[in-house]
Amino acid sequence: MAIRFIREEGDDILRKKSREVTVFDERLHTLLDDMFDTMYSAEGVGLAAVQVGVLKRAIVIDTRGENEKLELINPVIVKTEGERKTAEGCLSVPGVRGYVLRPEKVTVRAKDRYGEEHEYTGEDLLAQAFCHEIEHLDGGLFIDKVVEFIEDDE
């Protein structure tokens with residue numbers, strides 16, 4: 001396992017749409033393992049493959065809750081409920097935080113590293129992470145959705 005370089009705002013790859021994963025092999029497993037190592041090293045709760053320069057529809061999330069260490073391949077949001085204004089940041093946009101409107105509850109369908117399909121439902125931080133990381137796969141950054149930036153003294 002290795003810690004990979006996290007791409008930052010201004011890097012063109014972050015604005016590209018990631019490709020669907022069709023091969024579930026050892027290379028994918030290594031990518032996922034490296035993504036967890038990279039995310040933990042940077043003290044994040046989620047990371048998309050594009051953030052480490054790989055245009056694959058793969059994300060890892062660990063909100064440090066029960067059963068919330070997840071690998072999501074080709075994730076799709078299938079249901080959302082409610083709305084809340086929440087503070088957010090991003091490993092690819094260091095030093096910037098802002099308030100974003102996100103669903104309170106989100107259900108996603110995705111495959112695991114072996115190609116098996118699963119459905120997950122998350123609330124609050126996990127719901128936020130689902131939305132944030134899936135947006136990365138479509139070339140989005142949280143700053144595109146900020147309704148109010150947070151000053152350093154807040």
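Colleague: Which residue's side chain meets that of glutamate 81 in a salt bridge?
Modeller: A salt bridge here is a side-chain nitrogen of Lys or Arg within 4 Å of a carboxyl oxygen of Asp or Glu. For glutamate 81 the N to O distance is 3.4 Å, and the partner is lysine 79.

Colleague: Before we go on, what kind of model is this, and what is left out of the side-chain values?
Modeller: This is a predicted model, in which local features need pLDDT of at least 70 and side-chain atom pairs count only at pLDDT 80 or more, while totals for chains, interfaces and linings use all residues. Residues are numbered from 1 along each chain as its sequence is written, and side-chain values use heavy atoms, leaving out hydrogens and water.

Colleague: Is lysine 79 buried, partly exposed or exposed?
Modeller: Buried means under 20% relative accessible area, exposed means over 50%, and partly exposed lies in between, using a 1.4 Å probe and protein chains only. The relative accessible area of lysine 79 is 46%. Lysine 79 therefore counts as partly exposed.

Colleague: Which residue pairs with aspartate 34 in a salt bridge?
Modeller: Let's start with where aspartate 34 sits: in helix α1, residues 26–41, with helices (H or I, at least four residues) and strands (E, at least two) being DSSP runs numbered from the N terminus. The partner lies in the segment before α1, so the pair ties together parts that are 30 residues apart in sequence. The N to O distance is 3.0 Å, and the partner is arginine 4.

Colleague: How many salt bridges does a search of the whole structure find?
Modeller: One of the pairs is aspartate 11 with arginine 7, whose closest N and O atoms are 3.0 Å apart. There is also a network of salt bridges linking Glu88, Arg102, Glu135 and Lys145. The number found in the whole structure is 14.

Colleague: What is the relative accessible area of glutamate 83, one of the residues forming a negative surface patch?
Modeller: Glutamate 83 lies in the loop between β3 (69–81) and β4 (84–88). Glutamate 83 is exposed, and its relative accessible area is 54%.

Colleague: What is phi of glutamate 43 near?
Modeller: Most residues other than glycine have a negative phi, and most peptide bonds are trans. Glutamate 43, in the loop between α1 and β1 (46–48), has a positive value. Phi of glutamate 43 is near 60°.
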